[in-house]
2 protein chains.
Amino acid sequence: MATGRDVADRAGTSTAVVSYVFNNGPRNVAPATRERVLKAAAELNYQPNALARALSFGKTSSIGLIVPDIANRFFGELARALEESAAQRGNLLLIGDSGLDPERERSHISAFVERRVDSVVLVSVMDEPDLTPFTRGEVPVVTLHPVDPGQGVSSISIDYVAAAETATRHLISHGYRSIALFNGPGDSAGSRQHLDGFNAAVDSSPETISTIHLRSQIARGHAAQVALDALARTDRPRAVYCSTDEQAYGVLFACNRLGLTVPDDVAVTGFDGTDHSAYSMPPLTTIRQPVPEMAERAIELLTAGGLGAPVHESAQFELVLRESCGPHEPSAASLNRHSS
Amino acid sequence: MATGRDVADRAGTSTAVVSYVFNNGPRNVAPATRERVLKAAAELNYQPNALARALSFGKTSSIGLIVPDIANRFFGELARALEESAAQRGNLLLIGDSGLDPERERSHISAFVERRVDSVVLVSVMDEPDLTPFTRGEVPVVTLHPVDPGQGVSSISIDYVAAAETATRHLISHGYRSIALFNGPGDSAGSRQHLDGFNAAVDSSPETISTIHLRSQIARGHAAQVALDALARTDRPRAVYCSTDEQAYGVLFACNRLGLTVPDDVAVTGFDGTDHSAYSMPPLTTIRQPVPEMAERAIELLTAGGLGAPVHESAQFELVLRESCGPHEPSAASLNRHSS
DNA sequence: CTGAAAGCGCTTACAG
DNA sequence: CTGAAAGCGCTTACAG
């Protein structure tokens with residue numbers, strides 16, 4: 001591939017001038033010279049080497065994104081939004097998929113710092129990811145979930161506990177007295193937050209609510225299996241709070257297989273609120289995370305320059321009322337928006 | 001951040017030696033010296049700069065992937081599979097999302113060649129993407145859809161026409177005589193292939209089949225809208241062949257809204273066959289693309305070294321029989337991936 | 001086994 | 001307005 005040297009030679013000038021014209025600065029170039037350079041570059045199909053540029057310039061104009069599972073719609077929508085916001089500021093978004101594997105996440109973290117991305121957006125698969133490669137590499141990061149303030153990185157996230165409580169309360173307000181918490185796998189910080197919010201709603205209810213706890217992987221198929229078992233029992237719950245939309249789809253599927261009608265036999269709520277939640281059968285009542293806003297804000301923080309003191313911002317979730325919980329009153333709809 | 005120079009100084013040696021120990025070659029290093037280097041590196045949190053490394057080494061060990069829409073499950077699964085295959089060979093997969101925008105695709109293409117990825121996997125949003133940046137940058141590329149052989153790049157893809165014909169034939173074999181082709185937007189090469197396969201099946205049928213042509217964006221919501229209009233009519237088709245699973249989900253949703261039962265009132269086939277197709281209501285009969293195999297093969301070609309003559313390989317699709325077309329015979333059922 | 005030096009392809013003060 | 005030169009942080013023949 002042609003280099004700046006080749007272009008300079010052909011244009012009868014120096015590499016400095018080639019650089020000046022390709023960067024519109026920092027020095028002026030005589031119009032005639034600029035023409036010659038452009039012409040030579042075109043003839044040689046010159047494509048500046050971004051590696052060399054970044055090395056001497058000290059910036060790669062790229063932002064890394066690490067997500068647990070890129071095939072999950074929520075992260076797909078997130079990547080799309082981030083990419084858009086990054087592109088608007090002239091940054092390239094590099095997406096790394098951990099495939100739900102901590103080891104792969106770690107390897108992406110070091111790959112990104114070694115490649116000197118300017119900053120990174122992280123959604124970790126771990127409770128306490130090792131962020132030191134970032135901090136000692138001085139690369140600013142914002143996580144999109146709560147993070148220990150001692151880690152020295154920023155975060156933007158909704159209040160999961162409050163959101164879980166809101167959704168559970170909604171179920172209770174429908175009169176359901178037997179509710180399942182359908183949580184994620186393992187004992188992660190995330191699943192604890194769902195549990196806390198769920199319990200808060202149950203405990204503060206004047207009525208007695210009977211609860212059961214179910215868990216499954218996030219994958220739809222696995223959730224369906226677990227739901228199939230749990231809902232086949234005669235003492236099945238009247239409603240189920242799901243910690244992700246994916247799991248809710250699995251529950252919906254299981255109900256359908258068992259001949260159970262949603263919401264008449266079983267009510268269901270989801271969590272995340274990607275646009276597909278409007279097209280499930282029935283459409284899903286769910287907690288919507290404000291993905292575009294979170295993405296925009298994350299990129300804003302990251303491109304604002306320097307790593308100032310870490311900030312921890314909270315984003316507003318929204319309980320989106322649809323059909324999976326039963327009919328709701330018009331007034332209830334507006335009441336339930338923007339809680340917390 | 002610490003550099004190799006810093007490490008060398010602290011270890012009382014040269015940068016060459018630092019390089020030798022971090023790369024295990026190409027020269028040997030005395031055990032004692034290696035220890036000192038490792039120790040110094042650890043103390044300084046040394047992270048080799050991959051930019052500089054790539055610049056002098058002439059390889060970035062990274063593969064670019066460009067997809068039309070990363071939020072689409074099919075591309076999500078593809079990215080996951082590619083990432084896996086790439087990682088196994090010590091390569092980082094960089095994912096670029098075009099967001100269905102030709103301009104963004106172009107910008108990713110140049111971004112990737114400027115950053116000197118070693119090779120790229122492309123799924124274009126265009127019929128005839130401009131591949132010259134790749135060819136003149138000498139970066140090997142494989143597209144995952146048919147491509148003009150004159151372009152000088154490789155491709156791996158299923159035979160869309162044959163697949164479309166297979167699915168349509170299946171619909172006809174169920175006895176449906178009024179079939180809609182639910183195609184993608186615009187007059188792309190892709191939609192023409194679906195049309196050709198569809199027509200081939202219809203034309204070769206001994207029975208007369210009445211057909212109508214519908215089109216929508218790939219997005220589920222848009223497909224649902226179009227289906228809602230088309231299926232509300234009294235002369236609605238008895239079956240609909242969809243060019244993607246996403247559109248099929250939209251059709252399923254529309255049927256549900258209209259009180260139509262699938263497959264009793266309307267039969268539906270999808271295309272792509274991501275794992276979610278097993279969990280729609282009802283589970284979707286669809287054409288499955290062998291994503292893991294295609295991904296593995298693509299990475300294999302790309303990492304085999306050098307850009308030999310472009311190859312054009314065809315992958316095997318599979319008609320996965322489920323419930324959205326009506327009951328099928330046991331013999332056919334052996335193809336059924338999911339049973340309930 | 002180890003080091004000084006050139007080179008990868010850019011950018012940018014510094015002189016002219 | 002333009003060029004020679006140093007520097008970004010590595011790797012790797014080439015000498016010792």
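1. Let's start with how the two protein chains relate to each other. In this predicted model, chain A can be laid onto chain B by a rotation of 180 degrees, with 0.0 Å of shift along the axis and an RMSD of 0.0 Å. The two copies are therefore related as by a two-fold rotation axis. Both copies use the same surface, since 96% of the contact residues of chain A recur in chain B.

2. How many residues of chain A are in contact with chain B? There are 46, and they meet 46 residues of chain B. On the chain A side, at least two residues each come from helix 4, helix 5 (73-88), strand 2 (92-97), helix 6 (102-114), helix 10 (220-232) and helix 11 (245-257). Helix 5 of chain A gives the largest share, with 7 residues. Sorted by class, this side of chain A has 21 nonpolar, 10 polar and 15 charged residues.

3. Next, have a look at the DNA. Around DNA strand C there are 28 residues, and those that come nearest are A:G4, A:S19, A:A52, B:N28 and B:S56. By class, the surface near DNA strand C has 13 nonpolar, 13 polar and 2 charged residues.

4. Now for the inside of the protein. The largest nonpolar core has 87 residues, and A:V251 and B:V251 have the most contacts inside it. If you set aside neighbours within four places in sequence, B:V251 is in contact with B:F182, B:A223, B:A227, B:V240, B:C242 and B:V268. Another core, of 82 residues, lies apart from this one; among its members are A:L65, A:V117, B:A71 and B:L78.

5. You will see B:Y176 in the loop between helix 8 (160-173) and strand 6 (178-183) of chain B. Is B:Y176 buried or exposed? It is buried, because 22 other C-beta atoms lie within 10 Å, and the cut-off for buried is 20 or more. Leaving out residues up to four places away in sequence, B:Y176 touches B:L171, B:R238, B:A239 and B:A267. For a sense of distance, B:Y176 and B:F112 are 64 residues apart in sequence, and their C-alpha atoms are 48 Å apart in space.

6. Why does B:A201 count as buried? Because B:A201 has 22 C-beta neighbours inside 10 Å. Beyond four places in sequence, B:A201 is in contact with B:E165, B:T168, B:R169 and B:I172. B:A201 and B:D272 are 71 residues apart along the chain, with 19 Å between their C-alpha atoms.

7. Finally, a word on confidence. Chain A averages a pLDDT of 93, and 96% of the residues score at least 70. Where does pLDDT stay under 50 in chain A? That happens over residues 330-340, for which the model has 15 contacts beyond four places in sequence. Where pLDDT is low, the predicted coordinates should not be read in detail.

Terms used: Residues numbered from 1 in each chain as written. Chains lettered and ligands numbered in written order. Predicted model: local features only at pLDDT ≥ 70, side-chain atom pairs only at ≥ 80, totals over all residues. Core = buried A, V, L, I, M, F, W, Y, C linked by C-beta atoms within 7 Å. Buried ≥ 20, exposed ≤ 12 C-beta atoms within 10 Å, placed from the backbone. Contact = placed C-beta atoms within 7 Å. Near = placed C-beta within 6 Å. Nonpolar A, V, L, I, M, F, W, Y, C, P; charged D, E, K, R; others polar. Helix = DSSP H or I, 4+ residues; strand = E, 2+ residues; numbered from the N terminus. pLDDT = per-residue confidence, 0-100. Least-squares fit on C-alpha atoms with pLDDT ≥ 70 in both.
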